[in-house]
Amino acid sequence: MRFNINAPFWRFMDTLLRFVGLNLVYLITLIPNVTIGPARAALYSTMFAYDEHDDIRLVKEYLTRFKREFKQGLAAWVLVAILATAILFGLSFWKAWDTNASYIPLILLVIAAVVVALFAEYAAPLQARFANTTGRLFSLSAMFPWRAFPCSLVLVVIDVLAAGPSYFVPFIRVLAILFGIAWVAYAKSLILLWDFKRYGGTGKVENPQYVNAHE
């Protein structure tokens, strides 16, 4: 029996191993915490490249893009962290009052939390896909989720469907650590690419550079 590396099974195993490597390297780059922004931008940038050239070396692409996206990704993450900290402090403060007067501030803070969450959802992929100044990146991340609200809901649903089973089922949690995060990012990248094409107004696409691609 001839061994055929181009058989569907072996091609699937090759893809799986590449995603495992990408997933583990991504998790390692998250460890300092302050690198979460650059890491997410690099992951989406790698997935956008994979959508166009599925033979790229995922880990090498990710590390190259991590360096490229570091400065702007760090700025976006610092802004998200500051806003999230302020919202959490406000929620704790007004919840401690436990009076009717605290309901309105609590509702406003919950709305602000949703806005910041959607801002964080789009900041990394917008940075990864388009060449914009940091100020324009922030304004796009704030406005685009509402312009493309149906797609924003789909992205949230994907996050919930991915996080829910991982939270309750330990085995799925292990799979998520091995390769699940990268697969979720790939699924979301397909939605995002359609999203950007459908709604537009996001800026000039960054000049793509690929390592070991066929084009």
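Ser102 lies in the loop that joins α4 (70-97) to α5 (103-129). Helices here are DSSP runs of H or I with at least four residues, numbered from the N terminus. The structure is a predicted model, in which local features need pLDDT of at least 70 and side-chain atom pairs count only at pLDDT 80 or more, while totals for chains, interfaces and linings use all residues. Residues are numbered from 1 along each chain as its sequence is written, and side-chain values use heavy atoms, with hydrogens and water left out.

Ser102 is buried, at a relative accessible area of 2%. Buried stands for under 20% relative accessible area, exposed for over 50%, and partly exposed for values in between (1.4 Å probe, protein chains only). Beyond its neighbours within four places in sequence, Ser102 contacts Trp94 and Trp97. Contact requires heavy atoms within 4.5 Å. Asn33 has a phi near 70°, a positive value in a residue other than glycine.

Trp97 also takes part in ring pairing. The whole structure holds 22 aromatic pairs. Rings of Phe, Tyr and Trp (its six-membered ring) pair if their centres lie within 6.5 Å; planes under 30 degrees apart are stacked, over 60 edge-to-face, and the rest tilted. Phe93 and Trp97 have ring centres 6.0 Å apart and planes at 55°, so this pair is tilted. The two residues are 4 apart in helix α4, about one helical turn. Phe93 is partly exposed, at 36% relative accessible area. Trp97 is likewise partly exposed, at 49%. For Tyr167 and Phe168, the ring centres are 5.0 Å apart and the planes stand at 85°, so the pair is edge-to-face. Tyr167 and Phe168 are both exposed.

A cluster of linked ring pairs comprises Tyr44, Phe48, Tyr122, Phe130, Phe144, Trp194, Phe196 and Tyr199. Two arginines place their charged ends over rings of this cluster. Arg129 sits over Phe48, 5.7 Å from the ring centre. Arg198 sits over Tyr199, at 5.0 Å from the ring centre. The criterion is NZ of Lys or CZ of Arg within 6 Å of the ring centre and within 35 degrees of the ring normal.

The largest nonpolar core contains 18 residues, and Leu22, Met47, Leu58 and Tyr62 have the most contacts inside it. A nonpolar core is a set of buried Ala, Val, Leu, Ile, Met, Phe, Trp, Tyr and Cys residues joined through side-chain atoms within 4.5 Å. Elements giving two or more residues to this core are α1 (8-30), α2 (36-52), α3 (58-68) and α8 (170-199). The most come from α2, with 7 residues. Apart from this core lies another, of 16 residues, including Ala41, Tyr122, Leu137 and Phe196. Tyr62 touches Leu22, Val25, Tyr26, Thr29, Ala39, Ala42, Leu43 and Thr46, residues up to four places away in sequence not being counted.

The largest pocket has a volume of about 500 Å³. Of its 23 lining residues, Asp159, Ala162, Gly180, Ile181 and Val184 are the closest to the centre. A pocket is an open set of points on a 1 Å grid where a 1.4 Å probe fits, with protein on both sides within 12 Å along at least five of seven lines; lining residues have an atom within 4 Å of a point. The volume is the space filled by probe spheres set on the points. Helices α1, α2, α7 (149-168) and α8 each supply at least two lining residues. The most come from α8, with 10 residues.
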